[in-house]
Amino acid sequence: MNLKGIVFLVVLLFSSVIFSCYEEECPQVLPYFEIVELVSSALNKQNQQSISTSNPTKWSDVSYQISLQYKGVAEHHLSPNGTLFALDCASPGYLGSRIGIKELAIFSNSNYSSLIQTGDLANRIFGIEVLGELLSIQEFNLIFRESFNFDKFNLVLVGPPDIIGELQIFTIHLKMMDGTEYETSTKEIRIL
């Protein structure tokens, strides 16, 4: 076989691999995701271990990870010739959410301080770590009003409780620009 024949064979082989992703093999996906629910977990920022009532944690080490569970989890597909084309096909929700966040509000389900009692709005004692930045809740509520492209964020305490070692629970309420609302409560932990 001459050199031109080998080049033609290589081009033919690779073109079938490349075009397998662009034809009917890629599933139709929605470009935006839709939130289904909020899920929270309490983590120690230092060691990323889960926090519970049995392992009290200093207030400055507490991080509540809030995950947005949404429709459209990416799947891996194989073409008939065995080519993995999840890297070439768009994943469901790849543009994020086209519905922005109207308001994130955090309520205390226990007495945290003389200023934050049971049932009070507790936004002032939290910061939000999202996309590598620490924001206030007011900034978060303003920045993501149009849309957002993240599926989790962390709530971090910015001030200590008045009495250390008390059990603390918070309710996270997320209201979207279209009026849809989601809510979750953190699990009970002891904050030092």
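**Entry 1**

I looked up Asn47 and found it partly exposed, with a relative accessible area of 44%. Here buried means under 20% relative accessible area, exposed means over 50%, and partly exposed lies in between, with a 1.4 Å probe and protein chains only. The structure is a predicted model, in which local features need pLDDT of at least 70, side-chain atom pairs count only at pLDDT 80 or more, and totals for chains, interfaces and linings use all residues. Residues are numbered from 1 along each chain as its sequence is written, and side-chain values use heavy atoms, with hydrogens and water left out.

I placed Asn47 in the loop between strand E1 (34–44) and strand E2 (62–71). Helices (H or I, at least four residues) and strands (E, at least two) are DSSP runs, numbered from the N terminus. The side chain of Asn47 reaches the backbone nitrogen of Gln49 at 2.9 Å. That is a polar contact, namely a pair of N or O atoms within 3.5 Å; within protein, one must be able to donate a hydrogen and the other to accept it, and residues adjacent in sequence count only if both atoms are side-chain atoms. I also noted that the C-alpha atoms of Asn47 and Asp61 are separated by 9.2 Å, the two residues being 14 residues apart along the chain.

Gln48 lies in the loop between E1 and E2 as well. Its phi is near 60 degrees, a positive value in a residue other than glycine. Most residues other than glycine have a negative phi.

**Entry 2. The chain as a whole**

I counted two helices and 10 strands in the protein chain. Along the sequence the pattern reads α-β-β-β-β-β-α-β-β-β-β-β. Of the 192 residues, 35% count as buried. The accessible surface comes to about 11500 Å², and 55% of it belongs to carbon and sulfur atoms; the areas come from the Shrake-Rupley method with a 1.4 Å probe, and for residues only the protein chains shown count as cover.

**Entry 3. The sheet of E3, E8 and E9**

Which order do the strands of this open sheet take? I read E3-E8-E9, three strands with antiparallel pairing. Two strands pair if DSSP finds at least two bridges between them. The edge strands, each pairing on one side only, are E3 (101–108) and E9 (181–185). Neighbouring strands of this sheet are turned by 15 degrees against each other on average, direction ignored; the axes are lines fitted to C-alpha atoms, for helices over the stretch in contact, and angles run from 0 to 180 degrees between N-to-C directions.

E3 and E8 (residues 170–176) pair over seven bridges, and Ser108 stands opposite Phe170 in E8. E8 and E9 pair over five bridges, with Glu181 in E9 as the bridge partner of Lys175. The hairpin of E8 and E9 has four residues between the strands, and Gly179 takes a positive phi near 95 degrees there.

In a regular strand the side chains alternate between the two faces of the sheet.

Thr186 is buried, with a relative accessible area of 5%. Not counting residues up to four places away in sequence, Thr186 touches Ser40, Tyr64, Ile169, Phe170 and Ile172, a contact being heavy atoms within 4.5 Å.

**Entry 4. Strand E4 and its partners**

I found E4 (126–130) mostly covered, as four of its five residues are buried. E4 and E6 pair in the antiparallel sense over four bridges, and Phe126 stands opposite Leu157 in E6. E4 and E5 also pair in the antiparallel sense over four bridges, with Val130 opposite Glu133 in E5.

Is Leu131 buried or exposed? Leu131 is exposed, with a relative accessible area of 59%. Leu131 is in the turn of the E4 and E5 hairpin, which has two residues between the strands, and has a positive phi of about 50 degrees.

**Entry 5. The largest nonpolar core**

A nonpolar core is a set of buried Ala, Val, Leu, Ile, Met, Phe, Trp, Tyr and Cys residues joined through side-chain atoms within 4.5 Å. The largest one has 35 residues, and among those touching the most other members I noted Tyr64, Phe126 and Phe140. Elements giving two or more residues to this core include E4, helix H2 (137–143) and strand E6 (152–157). Phe126 is in contact with Tyr64, Ile106 and Phe170, among others, leaving aside neighbours within four places in sequence.
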